[in-house]
Amino acid sequence: MLSYILRRIVATLPVMAIVALFVFSLLYIAPGDPAVVIAGDQASPEDVERIRQSLGLDRPFLIQFGSWVWRILHGDLGTSIFTNLPVSTMIGQRLGPTLSLMIITLLLTIVVAVPLGVVAAWKAGSLIDRAIMAFAVFGFSLPVFVVGYMLAYIFALELEWLPVQGYTPLTQGFWPWLENLILPAIALGCVYIALVARITRATMLEVLQQDYIRTARAKGMGQGGILFIHALKNAAVPIVTVIGIGIALLIGGAVVTESVFAIPGLGRLTIDAILRRDYPVIQGIVLLFSFVYVLVNLMIDVIYTLVDPRIRY
């Protein structure tokens with residue numbers, strides 16, 4: 001098992017190298033001189049030259065890339081052009097709200113989507129199954145911002161049950177922290193819940209046709225034991241895979257959700273950095289999100305080795 005995990009870790013190194021090259025190249029993808037793009041139309045030649053020197057754009061590309069990677073390995077993500085603060089400091093200040101939103105959304109997805117998928121497979125072809133799949137299609141089709149605005153209008157503006165925007169740190173109380181995340185988590189989780197519920201249903205339908213399920217029924221085991229002890233356990237690998245891959249949906253959706261509900265997280269920071277053309281901040285955030293996604297996939301591989309020992313070899 002240890003050798004398999006080490007092989008998977010080594011396999012992620014080229015992926016991260018390619019990601020780092022792409023993230024660094026973001027500065028050059030924009031048309032024109034990056035220093036002129038950052039400085040704006042009203043900047044003087046002296047301002048453009050100062051930005052070019054501060055970013056190291058007067059040096060060869062490979063030397064710039066090597067220097068940037070060296071700083072990254074030492075924990076230096078660069079300095080924001082507009083705030084003059086270290087990018088790592090800015091990310092650290094915004095990490096809490098985004099992490100809270102993603103954790104609540106992930107828990108909500110697992111608690112809601114997996115039971116829905118199991119029930120839909122159990123009642124396959126029935127009205128319950130059709131209703132759950134209709135909800136899944138509906139949730140998968142609606143954009144995050146549409147769901148967000150609908151929830152904010154109904155539950156915050158009309159019913160006044162929950163706050164419409166903002167974020168309260170957990171240090172100021174559990175309920176104030178949670179109530180600001182309920183609507184954003186539901187809006188962000190709709191697509192995720194729909195995806196996981198559909199995959200759970202499809203996987204469970206396949207497992208429920210296996211011989212050992214019929215044997216369990218013949219022995220008199222209850223329906224709950226069959227579904228959640230035998231069937232769900234053996235259907236766990238594809239479900240875990242989709243949950244892990246769905247982290248990308250959370251990362252992308254968090255940018256939109258935080259903008260809709262005015263949550264001061266990494267999503268809002270990304271939007272602000274793009275509007276300001278603050279390339280060091282954009283590079284740092286994209287690199288962080290890419291690293292998280294690769295790390296999640298590595299964790300899924302480790303879970304595979306625990307669920308199915310055959311994968312270790």
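A residue is called buried when its relative accessible area is under 20%, exposed when it is over 50% and partly exposed in between, using a 1.4 Å probe and protein chains only. By that definition L162, at 15% relative accessibility, counts as buried. The model is predicted, so local features need pLDDT of at least 70 and side-chain atom pairs count only at pLDDT 80 or more, whereas totals for chains, interfaces and linings use all residues. Residues are numbered from 1 along each chain as its sequence is written, and side-chain values use heavy atoms, with hydrogens and water left out.

**The loop residue L162**

- L162 is found in the loop between helix 7 (144-158) and helix 8, where helices are DSSP runs of H or I with at least four residues, strands are runs of E with at least two, and both are numbered from the N terminus.
- Leaving aside neighbours within four places in sequence, L162 is in contact (heavy atoms within 4.5 Å) with F155, A156, E179, I182 and L183.
- The C-alpha atoms of L162 and P238, which are 76 residues apart along the chain, are separated by 35 Å.

**Nonpolar cores**

- A nonpolar core is a set of buried Ala, Val, Leu, Ile, Met, Phe, Trp, Tyr and Cys residues joined through side-chain atoms within 4.5 Å; the largest one here has 64 residues, and V196 and M204 have the most contacts inside it.
- Helix 8 (residues 174-207) gives the most to this core, with 14 residues.
- Apart from its neighbours within four places in sequence, V196 is in contact with T109, A113, V114, I239, V242 and I243.
- A second, separate core of 5 residues includes A120, I132, M133 and A194.

**Helix 6**

- The buried residues of helix 6 are D129, I132, M133, A136 and G139.
- These residues cover an arc of only 125° around the axis (taken from the directions from the helix axis to the C-beta atoms), which puts them on the same side of helix 6.
- What covers the buried residues of helix 6 includes helix 5 (87-122) and helix 8, while the face turned away from the buried side carries the exposed residues L127, R130, F138 and S141.

**Annotated spans**

- The unreviewed UniProt entry places the feature "transmembrane region" at several spans, including residues 134-157 and 177-197; such annotations may be inferred rather than shown by experiment, and UniProt positions follow the numbering used here, with feature names shortened.
- Residues 134-157 are 92% helix and 0% strand, with end C-alpha atoms 28 Å apart.
- Residues 177-197 are 100% helix and 0% strand, with end C-alpha atoms 27 Å apart.
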